[in-house]
Amino acid sequence: MSGGRSRFERISPPRAGPFREGAFRSPLHSVRAAAVLGIALGVAFTVCFVTGFMSHLIQHPPSFFAWPARPAWLYRVTQGIHVSTGIASIPLLLAKLWTVYPRFWTWPPLRSVPHLVERLALLPLVGGSLFLLFTGVGSIARWFPWSFSFPPAHYAAAWITIGALIVHVGAKAGATRLALSSRSPELDTGPVAAERGWGILSRRGFLGAAFGGAVALWVATVGQTVRPLASISVLAPRDPRVGPQGLPVNKTASSAGVVDAATSDAWRLTVGGSVATPLTLSLGDLRSMRLREADVVIACVDGWSATGRWCGIPVRDLLLLAGAPPSSAVRIESLQRPGAAYAASELDPGQVADPDTMLAVALNGAPLHIDHGFPARLIGPNRPGVQQTKWVSRVVVS
Amino acid sequence: MSGALPPPFEDPSEHTSRYGPAFWSCLAIGGGCMAFGLISLFSRAAATDPPNFAVFFVGLALIHDLVLAPVVIGVAWLLRSVTPRGIRGVLFGALAVSAVVAGFSIPFVAGWGIQPDNPSFLPRDYGLGLLVVLAWVWITAVAIGLARVWVRRGGRR
């Protein structure tokens with residue numbers, strides 16, 4: 001940049017509209033405000049990316065990855081953090097975009113080739129950030145105004161966005177450090193302009209509103225996973241206290257199309273695959289076995305979670321009964337149409353070995369409600385709710 | 001200087017961006033992540049529907065930059081014209097937070113995703129919930145405004 005002006009900078013500026021020199025005079029476009037919000041968003045998006053990627057690995061485990069059954073609370077915490085942090089990011093992102101909005105109209109639009117690269121990375125950063133938060137909110141509200149499948153699209157957008165964020169950090173780390181360490185007034189025009197009466201909000205007031213909005217949305221929704229806050233989280237799409245047998249439901253039996261099969265007297269649970277003694281068990285057979293009771297959390301990918309007292313037969317006991325080694329991997333299949341979303345799930349040997357991984361037949365002291373998976377469902381610690389297969393009909397040992 | 005225009009917006013970071021080894025290293029790593037995201041997108045095109053994905057990915061950014069931000073500028077300009085200077089900051093802050101909370105709650109209040117056979121989903125009165133949150137936002141704003149008045153009067157004594 002030393003010497004004469006670059007070829008880009010010799011382009012004559014337009015004189016109209018937002019391109020006009022001095023078009024933006026709000027004090028809120030200060031570099032220091034952008035730096036503070038940028039750091040907050042960088043942390044929030046990194047947290048969301050890590051927790052989201054973890055959830056992806058659990059649901060689509062590569063050969064080298066094994067998700068442990070303990071600690072039992074871990075997935076509840078990581079997915080609760082994923083969703084609540086994403087929600088709290090909304091005001092911060094909008095404030096950040098407002099702060100840097102004049103740069104959208106900056107002239108000359110390009111100063112050098114690296115500047116071009118930096119600016120090109122802004123589209124995936126801005127578009128991706130808005131995409132992730134918009135589709136995330138739509139998903140927890142079960143409102144899908146798009147035609148793509150949410151999980152793979154959200155996953156792809158997350159990688160694109162985090163990549164653009166890394167590029168942005170590379171370009172702006174120095175400027176951010178300068179903005180937060182230097183006392184230079186040119187980095188902080190806010191209070192000066194506000195004092196002159198041109199500002200509506202001071203920088204401090206603006207940041208207070210942004211972070212206050214984040215806190216407001218967080219408190220208004222986080223009770224769907226933090227039970228003590230359930231009564232004040234008035235915008236949470238779930239209440240962990242509300243549902244059949246005091247527990248929320250994600251998919252009902254009627255929407256899964258299993259009501260007739262699940263309530264039929266002909267229902268049997270089969271245990272097959274690599275076993276010495278294939279089993280065919282009625283509900284009465286299951287209930288007459290030595291059952292275990294345990295408090296296990298249902299933690300949904302949508303960010304809500306709730307604890308129930310489940311009663312059922314541990315999967316490892318079922319394997320022993322069928323003459324299979326308790327260190328086997330197991331596939332649990334539902335009455336749902338084969339190939340339907342979440343109609344089956346896998347248990348690795350570590351999860352099978354956990355005594356709280358069981359085929360439950362009762363919840364909170366009563367037989368399972370059909371929407372909770374009657375006649376039998378899988379329940380296990382530290383698993384995403386979509387992998388707690390309901391209306392189980394087959395256990396396949398491998 | 002009273003009444004003089006403040007300096008127009010100029011982002012000093014424009015002049016402090018450094019395109020040294022750190023930038024190019026981040027570009028390599030970030031570019032790799034973006035490439036992986038695009039491969040994920042197109043390798044599962046039947047599920048991700050890239051054209052529809054692109055509509056939302058680009059469309060949301062355009063809606064923000066060309067619709068939402070200009071509307072906020074207009075509202076701010078209007079507010080600045082019609083409100084006394086002393087309460088502008090608190091008023092605009094409360095309005096901005098209210099708008100974000102209201103925008104977030106739209107799909108819940110409207111119940112667009114409601115599942116008639118699943119009363120455990122959207123079990124609350126979300127219109128009432130929104131009013132409760134807005135009430136807290138404005139109570140907080142009034143409290144901040146009164147605190148400012150109190151501090152200002154205290155300073156004069």
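These legends walk through close-up views of a predicted model. Local features need pLDDT of at least 70 and side-chain atom pairs count only at pLDDT 80 or more, while totals for chains, interfaces and linings use all residues. Residues are numbered from 1 along each chain as its sequence is written, chains are lettered from A and ligands numbered from 1 in the order written, and side-chain values use heavy atoms, leaving out hydrogens and water.

**View 1. Helix 2 of chain A crosses helix 4 of chain B.** Let's start where the two chains meet. The axes of helix 2 (residues 74-99) of chain A and helix 4 (residues 50-82) of chain B come within 11 Å and cross at roughly 85°. Helix 2 of chain A is therefore roughly perpendicular to helix 4 of chain B (a term for angles of 65 to 115 degrees). Axes here are lines fitted to C-alpha atoms over the stretch in contact, with angles running from 0 to 180 degrees between N-to-C directions. Helices are DSSP runs of H or I with at least four residues, and strands are E runs with at least two, numbered from the N terminus.

**View 2. The residues at the crossing.** From chain A come A:Leu94, A:Leu97 and A:Trp98, which meet B:His64, B:Leu68, B:Ala69, B:Val72 and B:Ile73 (contact means heavy atoms within 4.5 Å).

**View 3. An open sheet of five strands in chain A.** The strand order is 2-1-10-5-6, with mixed pairing (two strands pair if DSSP finds at least two bridges between them). Strand 2 (279-281) and strand 6 (344-347) are the edge strands, each pairing on one side only. From one strand to the next, the twist averages 15°.

**View 4. Strand 10 of chain A and its partners.** Strand 10 (residues 392-397) pairs with strand 1 (residues 269-273) in the parallel sense over four bridges; here A:Val396 is the bridge partner of A:Gly272. With strand 5 (residues 330-334), strand 10 runs antiparallel, joined by five bridges. Look for A:Ser334 opposite A:Val392, and for A:Glu333 with its bridge partner A:Arg394.

Notes. Angles under 35 degrees count as roughly parallel, over 145 as roughly antiparallel, 65 to 115 as roughly perpendicular and the rest as oblique.
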